Amino acid sequence: EKGYETGEHAPGLKLGGCGAYKAAHHIIKTHAKVWHSYNNTWRREQRGMVGISLTSGWGEPVDPHSQTDREAAERYIQFHLGWFANPIYRGDYPEVMKNYVGKKSAQQGLGTSRLPTFSVQEKTYIKGTSDFLGIGHFTTRYVLQKNFPFLQVSSYHTDHDLAELVDPNWPAPGPKWLYSVPWGFRRLLNFIKTQYGNPLIYVTENGVSETVQCPQLCDEWRIQYLKGYINEILKALNDGVNVKGYTAWSLLDKFEWNKGFSERFGLYHIDFKNKNKPRYPKASVDYYKKIISANGFPNPREVMS
């Protein structure tokens, strides 16, 4: 969407209302081809797995008793996660995506929907092409219904007729988009379990960045973030969600999309100004080491002898 809709990321194309959908359509078909290629040629010998990693926030209705808010929150998830996961696990784009993009395309006087369609053969070929689902997750939004007039320029963002809100009490240690809302992760994982037949899940990205460098590398907010989110994964495991692995994002500070080196997700601080790029552990390193060695949360009462 940022590469083909808004042009913020490479390749920098601004193909409003259709570019992101076309790019995603090719990605999904290509993914299926790779899966079948592995399945037919190497799986018997190597016994490996091929999956896809999708990043999605969670959308929570502003008023859980309001049907329009609940439907808007459902659209939020379907236009993010479902856009890719639904074809792979259920054989086609989510119905709500087809309905909304189709309706808005018709209002614009277009003969066909801006959302491409899969042929019957493609649907069959794509369905089931994932041995596991990788999930990147960072944050949550409150969602409510918001109608966009169909006269304005078409866009992926206006197609789903919703507004995103945040709670001002949510911690936001880093960039403007990343609020710490751990409970949203458990809900997202349970949604995946219900919608896609409880697939094998690997959490491929979960973490928080900082925009202001703490001189003592005392990233207490990252410790709290990891603690909160990992705890919600534990709850999801108790709910019966099939989470197999977790990867904190990320080991090192690195080049972050169009933010360059200004946004730091790393457990280790990198001095980019030094030609040797030395690495320094932040406080979160010690905390995360304890979680790994305990294979769970360390007992706060345990005394190290």
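Colleague: Hi! Quick one to start: is Ser180 buried or exposed?

Modeller: Ser180 is buried, at 13% relative accessible area. Bear in mind that this is a predicted model.

Colleague: Noted. Where is Ser180 found, and what does Ser180 touch?

Modeller: Ser180 sits in the loop between β5 and α7. Leaving aside residues up to four places away in sequence, Ser180 touches Trp170, Pro171, Tyr225 and Tyr229.

Colleague: On to α7, then. At what angle do α7 and α8 pack?

Modeller: Helix α7 (residues 183–195) packs against helix α8 (residues 220–238) at about 35°, and their axes are 8 Å apart. The crossing is right-handed.

Colleague: Which residues in α7 and α8 meet?

Modeller: From α7 there are Trp183, Phe185, Arg186, Leu189 and Asn190, and they meet Tyr229, Glu232, Ile233, Lys235 and Ala236 in α8. By class, that contact has 6 nonpolar, 1 polar and 3 charged residues. Tyr229 in α8 is also one of the residues that Ser180 touches.

Colleague: Nice link. Changing topic: how many residues are in the largest nonpolar core?

Modeller: The largest nonpolar core has 53 residues, and Leu81 and Trp83 have the most contacts inside it. Two or more residues come from each of α1 (19–41), β1 (52–55), α3, α4, β3 (133–136), α7, β6 (201–205) and α8. Helix α3 gives the largest share, 11 residues. As background, nonpolar side chains tend to be buried together in soluble globular proteins.

Colleague: What does Trp83 touch, then?

Modeller: Not counting residues up to four places away in sequence, Trp83 touches Ala20, Tyr21, Ala24, Ile28, Gln78, Tyr93, Pro94, Met97 and Tyr156.

Colleague: Now the charges. How many salt bridges do you count?

Modeller: The count comes to 19 salt bridges. One of them joins the side chains of Lys123 and Asp92, at 3.4 Å from N to O. That pair links distant parts of the chain, 31 residues apart: Lys123 is in helix α5 (residues 120–126), and Asp92 is in the loop between α3 (67–90) and α4 (95–107).

Colleague: Which of those two is buried, and what is the relative accessibility of Lys123?

Modeller: Asp92 is buried, with a relative accessible area of 11%. Lys123 has 29% relative accessibility, so it counts as partly exposed.

Colleague: What about Glu164, which residue does it form a salt bridge with?

Modeller: Glu164 pairs with Arg141, and their closest N and O atoms are 3.5 Å apart. This pair also links distant parts of the chain: Glu164 belongs to strand β5 (residues 162–165) and Arg141 to strand β4 (residues 140–145), 23 residues apart. Glu164 is partly exposed at 38% relative accessible area, whereas Arg141 counts as buried at 11%.

Colleague: And Arg222 with Asp219, how far is N to O there?

Modeller: The side chains of Arg222 and Asp219 meet in a salt bridge at 2.7 Å, N to O. Arg222 is buried, with a relative accessible area of 2%, and Asp219 counts as buried too, at 1%.

Colleague: Which residues are linked with them in a network of salt bridges?

Modeller: The network links Glu210, Asp219, Arg222, Asp253, Arg264 and Lys282.

Colleague: Last topic, the backbone. Where are the cis peptide bonds?

Modeller: There is one joining Ala10 and Pro11, with omega about 5°; Pro11 is in the segment before α1. Another runs from Trp249 to Ser250, again with omega near 5°. Ser250 lies in the loop between β7 (243–246) and β8 (268–270). For context, most peptide bonds are trans and most residues other than glycine have a negative phi.

Colleague: So which residues other than glycine have a positive phi?

Modeller: Asp161 has phi near 50°, and Trp257 has phi near 45°. Asp161 is placed in the loop between α6 (156–159) and β5, while Trp257 lies in the loop between β7 and β8.

Colleague: Is Asp161 buried or exposed? And Trp257, buried or exposed?

Modeller: Asp161 counts as buried, because its relative accessibility is 7% and the cut-off for buried is under 20%. Trp257 counts as exposed at 59%, since exposed means over 50%.

Technical notes. Residues numbered from 1 in each chain as written. Predicted model: local features only at pLDDT ≥ 70, side-chain atom pairs only at ≥ 80, totals over all residues. Heavy atoms only, no water. Salt bridge = Lys/Arg side-chain N within 4 Å of Asp/Glu carboxyl O. Helix = DSSP H or I, 4+ residues; strand = E, 2+ residues; numbered from the N terminus. Buried < 20%, exposed > 50% of the residue type's maximum accessible area, 1.4 Å probe, protein only. Axes fitted to C-alpha atoms, helices over the stretch in contact; angles between N-to-C directions. Left-handed = near helix turned anticlockwise from the far one by under 90°. Contact = heavy atoms within 4.5 Å. Nonpolar A, V, L, I, M, F, W, Y, C, P; charged D, E, K, R; others polar. Core = buried A, V, L, I, M, F, W, Y, C linked by side-chain atoms within 4.5 Å.
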